[in-house]
Amino acid sequence: MQVEHHDLHHDFPELSDAISALKVGNSHFAKLFDTYHRLTGRVEDLEEHDMPVSDFTMEDMKKERGRLKEHLYHMLLAYRAGQQAAA
């Protein structure tokens with residue numbers, strides 16, 4: 001089964017510098033990033049190996065991943081806006 005990867009660097013290449021900076025300089029971002037990364041790995045592993053899991057469980061995991069991704073994205077935009085304002 002072909003699995004679409006949801007790595008933040010892949011999804012937001014224009015924010016790659018911000019991702020790297022926040023992973024090092026913001027512990028809250030780093031924790032959320034790690035949680036997102038682990039959850040994404042679990043979802044992709046289940047999909048790739050066509051492992052039996054209930055639709056409810058998979059949907060719940062994907063919803064949580066979406067919430068995390070949206071939160072991380074807003075943190076990235078705020079960081080980038082702060083960097084632009086400081087320049």
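Helices α2 and α3 are roughly perpendicular to each other, a class that covers angles of 65 to 115 degrees, whereas angles under 35 degrees count as roughly parallel, those over 145 as roughly antiparallel and the rest as oblique. Helix α2 comprises residues 16–25 and helix α3 residues 27–48, and the two pack at an angle of about 110 degrees with their axes 6 Å apart. The axes are lines fitted to C-alpha atoms, for helices over the stretch in contact, and the angles run from 0 to 180 degrees between N-to-C directions. The model is a predicted one, in which local features need pLDDT of at least 70 and side-chain atom pairs count only at pLDDT 80 or more, while totals for chains, interfaces and linings use all residues. Residues are numbered from 1 along each chain as its sequence is written, and side-chain values use heavy atoms, with hydrogens and water left out.

The chain has 4 helices and 0 strands, where helices (H or I, at least four residues) and strands (E, at least two) are DSSP runs numbered from the N terminus. From the N terminus on, the order of elements is α-α-α-α. The C-alpha trace spans about 50 × 20 × 15 Å along its principal axes. Of the 87 residues, 30% count as buried, the term standing for under 20% relative accessible area, with exposed meaning over 50% and partly exposed in between (1.4 Å probe, protein chains only). Among the contacts in the chain with a separation of 6 or more, 67% join residues 24 or more positions apart, contact meaning heavy atoms within 4.5 Å.

| Helix pair | Angle between axes | Distance between axes |
|---|---|---|
| α2 and α3 | about 110 degrees | 6 Å |
| α3 and α4 | about 145 degrees | 9 Å |
| α2 and α4 | about 100 degrees | 10 Å |

In the pairing of α2 with α3, Ile-19, Leu-22, Lys-23 and Gly-25 of α2 meet Ser-27, Phe-29, Ala-30 and Phe-33 of α3. By class, this contact has 5 nonpolar, 2 polar and 1 charged residues, with Ala, Val, Leu, Ile, Met, Phe, Trp, Tyr, Cys and Pro counted as nonpolar, Asp, Glu, Lys and Arg as charged, and the others, Gly among them, as polar.

Within α2, the residues Ala-18, Ile-19 and Leu-22 are buried. They cover an arc of only 100 degrees around the axis, which puts them on the same side of α2; the arc is that of the directions from the helix axis to the C-beta atoms. The face of α2 turned away from this buried side carries the exposed residues Asp-17, Val-24 and Gly-25. What covers the buried residues of α2 includes α1 (8–11), α3 and α4 (55–86).

Helices α2 and α4 are likewise roughly perpendicular to each other. Their contact is made by Ala-18, Ile-19, Ala-21 and Leu-22 of α2 together with Met-75, Leu-76 and Tyr-79 of α4, and its residues divide into 7 nonpolar, no polar and no charged.

Helix α3 passes α4 in a left-handed crossing. The α3 residues in this contact include Phe-29, Leu-32, Phe-33, Tyr-36, Leu-39, Val-43 and Leu-46, and those of α4 include Met-58, Met-61, Glu-64, Leu-68, Leu-72, Met-75 and Leu-76. By class, the contact of α3 with α4 has 13 nonpolar, 4 polar and 6 charged residues.

Two residues of α4 may be considered individually. Met-58 lies in helix α4 and, at 14% relative accessibility, counts as buried. Not counting residues up to four places away in sequence, Met-58 touches Val-43, Leu-46, Glu-47 and Val-53. The C-alpha atoms of Met-58 and Asp-11, 47 residues apart along the chain, are separated by 21 Å. Glu-64 also lies in helix α4, but at 32% relative accessibility Glu-64 counts as partly exposed. The C-alpha atoms of Glu-64 and Asp-45, 19 residues apart along the chain, are separated by 16 Å.

Key: A crossing is left-handed if the near helix is turned anticlockwise from the far one by less than a right angle, and right-handed if clockwise.
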